[in-house]
Amino acid sequence: MDRNLAGSAGTSPPDPAVGRVCPLDLSPLAPVVFATPAEVADAARRARRAQRAFSELTTRERIALLRKAARAMLARRHEIMEIVRVETGKVDIEALFNEALGPLDAVHAWTKIVTRHTARETVRLNPVSFPGKSAFVDMLPRGVVGVIAPWNFPVAGLYRAVIPALMTGNAVVVKPSPHAPASTAWFVEVLASVLPADVVGVVQGGADVGEALIGSGIDACVFTGSPAAGRKVRMQCAERGIPSSIEMGGKDPAIVLADCDLRRTVAGITSWALNNAGQACGAIEIAYVDRAIADAFVERLASVWKSLRAGPGPRGEVDVAPLANRRQFEIVTQHVEDARARGAGLVCGGRPTGTGLWYEPTLLDHCTEEMHVIRDETFGPVLAIVRVDGVSDAVALANQSRYGLGASLWTRDVDRAQRIAERLLCGVVTINNHALSGAIPDLPWTGTRETGFGVANSRHALATFVRPKTTVVDRSSGFELYWLPYDRGLFDLGEALSDAQIMALDRAWKLPLLLAQRVRRVKRFFAA
Ligand code: NAD
């Protein structure tokens with residue numbers, strides 16, 4: 001492991017990820033070695049020391065380093081594809097497209113955003129109110145950014161935090177999920193092989209190590225994960241007085257209108273429900289389908305889902321990955337059982353397949369509000385279908401969700417869809433597709449309600465990584481009208497200025513007189 005990587009020694013406290021297995025075949029994986037509190041503090045200290053010199057590089061120099069690292073990642077892509085395959089069970093095509101393929105594109109996109117929105121801004125001041133004065137605003141790195149990551153996209157999920165944090169001159173310490181420690185460590189290791197020593201580091205462990213990282217004196221925190229953990233992280237950051245970007249779960253609905261292109265809608269919803277075995281914050285978990293086409297929709301969807309390959313098979317010939325860990329497998333199993341017990345119709349799937357954490361793509365029809373598959377994040381290859389009476393019904397149900405990340409509308413009438421989109425209380429709406437903007441750095445990825453109000457991607461996310469610093473320069477040599485000592489004339493001037501602003505002209509006529517008096521007073525002061 002590289003010299004820049006912290007957490008190489010320590011203890012292994014009890015954690016669900018210890019004793020973890022390969023989801024493909026249940027073969028044992030190496031246990032995670034957790035960083036001790038002292039190692040976490042040391043990683044933060046080293047990052048802080050390294051950050052100063054790193055922030056003195058020009059943005060262009062930092063971009064050049066990040067480009068070099070991104071090229072190295074692409075060149076070494078087969079390594080990471082294998083690590084995420086073994087550690088999280090991703091199928092080859094998804095390991096390539098979801099995890100390995102994006103770093104250089106991400107660097108290019110962030111280059112545009114960072115250079116455009118963090119350059120020094122000269123602010124013009126009103127020369128009458130502020131004679132001789134000028135001002136500018138610099139965007140400075142916050143210092144050390146802690147990134148606490150989930151397991152579902154253990155490499156690509158980091159692009160949107162680590163790349164802009166480094167590009168803007170911060171040092172970064174990453175705390176991977178204990179369910180995907182090696183994948184995230186690989187990403188950090190490649191970066192560390194190119195960047196100056198200690199500018200990026202990793203501390204392995206569970207919630208305790210995440211808490212220790214926040215407590216280690218970092219200057220900002222980016223958290224992605226579940227609402228339960230996210231709330232705690234937000235509180236801890238607030239107590240420490242550091243900014244945090246907290247991105248939590250999702251339960252995205254697809255709203256299927258009666259006039260949709262059924263063939264394309266079925267194909268699109270299938271992909272966005274089953275990519276990464278549905279283990280994505282922006283996965284479609286519910287389909288609100290207009291009753292008029294519900295039978296046809298369910299029939300077509302079932303025939304596609306039944307044809308998908310979801311179980312151990314030759315590499316490159318599997319469509320749906322297994323669940324990534326035992327905890328997730330249990331949640332999915334429970335949600336499906338709960339829905340069936342409460343009267344949902346099982347259209348297809350509903351069973352594990354083969355050795356490993358494989359689970360059949362599962363369609364549940366006639367789902368209702370009280371079921372877990374409607375209320376809570378399932379994070380699996382499961383789609384809950386709710387038959388609705390038109391758009392208003394669908395929008396009302398979608399807006400009742402605990403979560404508010406994304407939603408999609410499937411219809412041929414795009415103009416109408418844009419009007420419906422305005423009524424959806426969520427962060428991202430996609431018309432005739434779903435969630436594709438999650439991988440577009442130019443567009444904000446954000447939510448409402450329990451998804452949290454953190455923003456990833458776009459200029460709106462920059463506030464986590466940079467702080468504005470204002471500098472005002474006064475080139476005038478005279479005294480200000482309002483400087484001490486005070487006299488009655490200054491008070492009258494203030495009154496007249498207020499009257500002038502609200503156009504109380506009966507008294508504001510005194511304004512020129514009072515101003516002249518001030519100027520005489522300042523002159524007298526100089527003469528004395
Ligand atoms: P999780 O909340 O269990 O863990 C996320 C990370 O937080 C892990 O590194 C974990 O060790 C750490 N952690 C947990 N408790 C902590 C605490 N008290 N203090 C500090 N750190 C703590 O989530 P997970 O199961 O790894 O990931 C799945 C979740 O992530 C899902 O809910 C999914 O929707 C969400 N997610 C959201 C987005 C988004 O953009 N909104 C993206 C990806 C995943």
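Contact here means heavy atoms within 4.5 Å. With that in hand, welcome to a tour of this predicted model.

**Asn325 and its surroundings**
- Leaving aside neighbours within four places in sequence, Asn325 is in contact with Trp151, His179 and Leu357.
- You will find Asn325 in the loop that runs between α11 (291–307) and α12 (326–341).
- A polar atom of the Asn325 side chain lies 2.9 Å from the backbone nitrogen of Gln328.

**The ligand and its shell**
- At Ala149, a polar backbone atom is 2.7 Å from an oxygen atom of the ligand.
- At Lys175, an N or O atom in the side chain is 2.6 Å from an oxygen atom of the ligand.
- A nitrogen atom of the ligand is 3.4 Å from an N or O atom in the side chain of Glu211.
- The ligand taken alone exposes 850 Å², and the protein buries 92% of that.

- If you pick out Leu191 and set aside residues up to four places away in sequence, Leu191 touches Leu66, Ala69, Met73, Val162, Leu166 and Val200.

**Asp138 in strand β2**
- Asp138 has its place in strand β2 (residues 133–141).
- Its relative accessibility is 16%, which is under 20%, so Asp138 counts as buried.
- The side chains of Asp138 and Arg120 are joined by a polar contact of 2.7 Å.
- Beyond its neighbours within four places in sequence, Asp138 is in contact with Arg120, Arg467, Pro468 and Lys469.

**Backbone details to look up**
- Phe379 is not a glycine, yet it has a positive phi of about 60°.
- Phe379 sits in the loop between α13 (372–375) and β12 (382–388), and it is buried, with a relative accessible area of 11%.
- Asn457 also has a positive phi, near 70°, in a residue other than glycine.
- The loop between β16 (448–449) and β17 holds Asn457, which counts as buried at 2% relative accessibility.
- From Leu484 to Pro485 the peptide bond is cis, with omega near 0°.
- Pro485 belongs to the loop between β17 (466–474) and α16 (488–501).

Note on methods:
Residues numbered from 1 in each chain as written. Predicted model: local features only at pLDDT ≥ 70, side-chain atom pairs only at ≥ 80, totals over all residues. Heavy atoms only, no water. Helix = DSSP H or I, 4+ residues; strand = E, 2+ residues; numbered from the N terminus. Polar contact = N/O pair within 3.5 Å; in protein donor to acceptor, adjacent residues only side chain to side chain. Areas by Shrake-Rupley, 256 points an atom, 1.4 Å probe, with all protein chains shown as cover. Buried < 20%, exposed > 50% of the residue type's maximum accessible area, 1.4 Å probe, protein only.
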